[in-house]
Amino acid sequence: MSFSGSTAGSGSGTTRTSLEFGRTHVVRPKGKHEATIVWLHGLGDKGSSWSQLLESFPLPNVKWICPTAPTRPVAAFGGFPCTAWFDVGDISEDAPDDLEGLDISAAHIANLLSTEPADVKLCVGGFSMGAATALYSATCHAFSQYGNGSPYRVNLSAVVGLSGWLPCSRTLRRRMQGVNDAVRRAASLPILLCHGTGDDVVAYQHGEKSARILSSSGFQNLTLRTYEGLGHYTIPEETDEICRWLSANLCLGGT
């Protein structure tokens with residue numbers, strides 16, 4: 001799978017209301033429940049693929065929720081249907097954003113988090129397209145609303161993105177200007193981005209540029225980790241960094 005070279009646009013007339021999310025897999029905390037993280041898979045994948053890996057993480061105080069995206073036509077594949085959090089054609093400055101699809105997925109994530117206990121920290125993370133959706137949720141958190149203007153009511157404590165990119169990057173800085181509450185919420189939200197320089201699906205330049213745009217827009221508590229030669233997959237060095245970062249930023253208990 002590669003997004004480069006695709007000329008098809010995104011947001012192409014799919015009837016969103018007919019889309020159904022797939023099965024959600026849950027990994028229960030082995031210790032005291034201190035944080036819940038919704039983790040989002042990449043394009044064409046499913047929640048179970050990540051739940052098995054996340055269960056092995058040395059984070060006994062974390063509950064992981066791994067939903068499965070709806071099956072929908074995807075412009076990058078010429079309209080062929082597969083699991084996707086939103087429609088995407090080409091990752092570039094000129095490509096249109098599927099705002100409706102992003103809002104629907106962000107709302108699904110928020111609904112999954114809305115029933116968690118009040119004293120539990122709420123987070124979103126993901127890989128590739130899942131990372132893009134997690135970063136979009138971060139912007140919804142900052143503005144306290146979705147792209148369509150509806151209220152976003154989840155208070156996120158951290159966001160993690162692996163091998164992903166920032167949707168709606170063209171308008172983020174302009175939207176943040178003069179919105180003091182949004183700037184304050186953005187500045188206080190810890191974000192970890194990880195990307196490999198050998199990624200041939202979502203090029204490293206997209207991840208690096210997304211980090212720059214987020215930082216310049218007010219997301220000051222952002223960490224970018226670069227992995228030399230890493231392709232579009234994850235490695236133990238990267239997952240170890242995620243565990244350390246989450247433990248520190250969420251002030252988790254035992255490891």
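Visitor: Which residue in β6 does Ala35 stand opposite?

Guide: Ala35 stands opposite Lys121 in β6. Strand β2 (residues 35–40) and strand β6 (residues 121–127) run parallel and are joined by 6 bridges. Two strands pair if DSSP finds at least two bridges between them. Helices (H or I, at least four residues) and strands (E, at least two) are DSSP runs, numbered from the N terminus.

Visitor: Where do the numbers come from?

Guide: This is a predicted model, in which local features need pLDDT of at least 70 and side-chain atom pairs count only at pLDDT 80 or more, while totals for chains, interfaces and linings use all residues. Residues are numbered from 1 along each chain as its sequence is written, and side-chain values use heavy atoms, with hydrogens and water left out.

Visitor: Back to the strands. In what order do the 7 strands of the open sheet come?

Guide: The order is β1-β3-β2-β6-β7-β8-β9, with mixed pairing. β1 (25–27) and β9 (222–227) are at the edges with a single partner strand each, so one side of each has no neighbour in the sheet. On average, neighbouring strands are turned by 15° against each other, direction ignored.

Visitor: Which helices lie on it?

Guide: α6 lies across β8 (191–196) and β9, at about 165° to β9. Helix α7 (residues 236–249) packs on the sheet too, touching β2, β3 (62–66), β7 (156–162), β8 and β9, and its direction makes about 170° with that of β7. Axes are lines fitted to C-alpha atoms, for helices over the stretch in contact, and angles run from 0 to 180 degrees between N-to-C directions. Contact means heavy atoms within 4.5 Å.

Visitor: And helix on helix: at what angle do α2 and α3 pack?

Guide: Helix α2 (residues 99–114) packs with α3 at about 80°, their axes 10 Å apart. The two are therefore roughly perpendicular; angles under 35 degrees count as roughly parallel, over 145 as roughly antiparallel, 65 to 115 as roughly perpendicular and the rest as oblique. Residues in the contact include Leu102 and Ile109 of α2 and Tyr136 and Cys140 of α3.

Visitor: What about α3 and α5?

Guide: Helix α3 (residues 129–143) and helix α5 (residues 180–188) pack at about 135°, with axes 7 Å apart. That makes α3 oblique to α5. His141, Ala142 and Phe143 in α3 meet Asp181, Ala182, Arg185 and Ala186 in α5.

Visitor: Which residues of α4 are buried?

Guide: In helix α4 (residues 169–176), they are Ser169, Leu172 and Met176. Seen down the axis of α4, they fall within an arc of 30° and so line one face of the helix; the arc is that of the directions from the helix axis to the C-beta atoms. They pack against α3, α5 and α6 (204–217). Buried means under 20% relative accessible area, exposed over 50%, partly exposed in between (1.4 Å probe, protein chains only).

Visitor: Is Ser217 buried or exposed?

Guide: Ser217 is buried, with a relative accessible area of 5%. Ser217 lies in helix α6 and touches Leu172, Arg173 and Met176, leaving aside residues up to four places away in sequence.

Visitor: Last one: how many residues sit between β4 and β5 in their hairpin?

Guide: There are 5, and Gly78 in the turn has a positive phi of about 70°. Strand β4 (residues 71–74) and strand β5 (residues 80–83) run antiparallel, joined by 4 bridges. Pro73 has Pro81 in β5 as its bridge partner.
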